[in-house]
Amino acid sequence: MKLTLMGNEAIAYGLLHSNTKMVSGYPGTPSSEILTTVQKIKKDLPVYAQWATNEKVGFEVAYAGAIAGVNAAATMKQVGLNVASDALMSASFIGNKGAFVLIVADDPGFNSSQTEQDSREFARFARIPVVDPATPQEAYDFTKLASKISKHFEIPVMLRTVMRVSHSREIVEIDGNFEFKNTEGNFERDIPRWAAVPRAGRLKQAYEQLERLDVIREYNYNELIKPKIDNLKGTENLIISSGTAYGYVKEVLEELGLNIDLLKIDMPYPLPVDKLKELVKKYNKVLVVEETYPVIEEEVRCENVYGRMSGHMHQIDEMNKERVLEALTKIGFYEGENIYKPVFSVDNPKVRKPNLCPGCPHRDVYFAIKKVFRPKKSIYPSDIGCYTLGINLDAIDTVLCMGASVSMAHGFAIADKNKTVIATIGDSTFFHSGTAPLINAVYQKAKFILVILDNSTTAMTGRQTTPERATSGEVDIKKVAEGCGAEVMEYFYKPDINETISFFKEVKKRFEETDRPLVVVSRQYCVLDKERATQFLPGIFATVDEEKCVACDVCTTQYVCPPMAYNERGKIEIDPLLCIGCGVCISGICPTDAFIPRKDEK
C-alpha cells in the first residue's frame, strides 16, 4: 500500500508494523509528530502511546516494557537524549527481551535547537547499534529493521533521523495487509541480569556487550554492506556516505555526470572496520560525506581517506549539494563550475526575527516584569520553550537547557546579591526538570523569583497535553511548588496590562518579606489552543489614532507585538489580519493612549 507520508509519520507506521506495543517520550522538534501519529493511527489497537514528563522518564517507561518482553520505543530529539543518557548507558549493558528502539531526531543547522549534536556519536559512546535513514521510505523500513535487530540481539537499537528526513514527504510503500500481533508482557525474574550491580555483575555484562557488538558487526557487513559493495563498479575513487548526506551526494554525482563509486552505510555503528579498510585500500582517494560528526570517517580513517577531519568537508551546519560540490572540488574529484551557485542575490535582506504570537499572554508578563523589576537592577534567566522568544522584549538574559532557569536563578542570587533575580519557565518545562532545582533552592534558602508561565500545553512543539491538563487538576503546579517548600503566589491572567503590572508590584512587596524562593504561577492560555483561547480573548480589536502617536517606539521595541509597524507617514499602524483581538494594547501600553478600539470590530 502506498501513502504520502512525512518521515515522522512513516516511523510511526513502522512502529505499529513492528508490533510495537509501548511508545513513550517527550515532544521536541523535529521528533514530535512520531508519537502523535502513533496516537492517531493506533485506533483500537492495544498500544500504549503517551507523553512522559521528560525524556528520561519516557525512556525508562518504554524500556521496562522491553524488559517484560513486549516491543517498545522511546522518542525524543537530540538534546532530549542528553536527559535520557543516564538510563541509556545502563540499558546498553543490560539489554532487553522485547525489541527496544530509541528514536532520536537530530537537528543539523540549529533550526530549532540549542545544540547541533550527532546522536550517532552517542550510540557509539553507549555501544548500541544505530541505523541512519536517508528518506521517509527508509524511515519506515529502518524502523522495522531496528526493531528486528533489537529483538534478535537483545540490545537497544537507535533509529537516528534528522530534520530533513523527519519533515520531508514522500510516497512510502508500507505493508497493506498487516495485522497487529498483541503480545502480553511476561516479566521473568533474572536478578543477575536486570539488577546487576558493580563490580561482578556489571563487569560480566560489559564482556557480553562486546561479544554482541562483534556479532552485530558481522551482521552489518553480511546483510547490509556487502551486497552494496558487490554492486560497486570499481572506479578510481570512492565516496562513503550515510543518511541524508547520501541523497545529496547521489544527486550531485548524477547532475555532474561523475563516475565515482558510492557506498551507502545504513548502520554507521558498529562497523566492520577491518573489512572497510580493505575496501578503502583499493581506491586512490576516498571521501566520507556524513552529517554531522565524522563518525564513519573516524572508524575507517587511513592516509587516502578525506572528510571533516581532513578539512575537506564543512564543520558546522546542514549538508547541501553546494557543500558536497565544494568537497569534491577540494579533493580533486571535480574541476568545473559551481552549478549550485544562486543566480541572483539580495543585498542586506530584511530578516524577520522569531516573535511571540499576537495576543500571547507571555508578552504581557514579560512587559510587566520589566516595568516592575528594571533591567539594570535585575537578572532574567529563562528556559526552553516558546516563551524563550521573550528575548525580543529584552526580558531574558540567559538560556541554557531544560530546567536551567531555576538552577541558574539560584546561582545568580548567590553570585550577584545587588540584583533581583526573576526567572521564567513554562509549565511543561517545570514538570520536565524544574522541580529538582526548586527543591535544591528551597533547602539552601536561595532568594529569587520564579515565574511559571502556565498555559496548560506544551506550546512550542505542537501543543501536546501536559500532566496538569491531562489529569484535570489532580497534578497541580501550585501544589507541586508548595510541596517543594516554596512560597507561592497565583495570578489568573487578564488581557489588561495594568492588572498584570499591579500584580507584579504585589510580587515585589512579597519578595521583600520572604527569605526563600518565591514562585509565581501565572495561569494563562495559548492563543493557538482552540479549546481554551476563545474563552479568554475579549475580541477587542485595535487601531491607532495617528494624531496621538508620537513614534516613541514603546510598542515596537518594548512590547513588540507583530501586528504593530510603522507606516509611510512614520506612524504606528496595526495589521488587521494579524491582530487577534486581545485588546491589551488599548489597556495602557502606549504612553499617549494612541491605541483605540476599532469601530468595525464585528
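Visitor: Where is Asn19 found?
Guide: A quick heads-up: this is a predicted model, where local features need pLDDT of at least 70, side-chain atom pairs count only at pLDDT 80 or more, and totals for chains, interfaces and linings use all residues. Residues are numbered from 1 along each chain as its sequence is written, and side-chain values use heavy atoms, leaving out hydrogens and water. Helices (DSSP runs of H or I, at least four residues) and strands (E runs, at least two) are numbered from the N terminus. With those names in hand, Asn19 sits in the loop between α1 (7–16) and β2.

Visitor: Is Asn19 buried or exposed?
Guide: Buried means under 20% relative accessible area, exposed means over 50%, and partly exposed is in between (1.4 Å probe, protein chains only). Asn19 comes in at 18%, so it counts as buried.

Visitor: What is the phi of Phe110?
Guide: Most residues other than glycine have a negative phi. Phe110, in the loop between β5 (100–106) and α5 (119–126), isn't a glycine, yet its phi is positive, at about 55°.

Visitor: Which residue does a cis peptide bond join to Pro30?
Guide: Most peptide bonds are trans. Pro30 lies in the loop between β2 (20–25) and α2 (33–41). Its cis bond has an omega of about 15°, and the partner is Thr29.

Visitor: What is omega for the cis peptide bond between Tyr269 and Pro270?
Guide: Pro270 belongs to the loop between β10 (261–265) and α11 (273–280). For the cis bond joining Tyr269 and Pro270, omega is about 0°.
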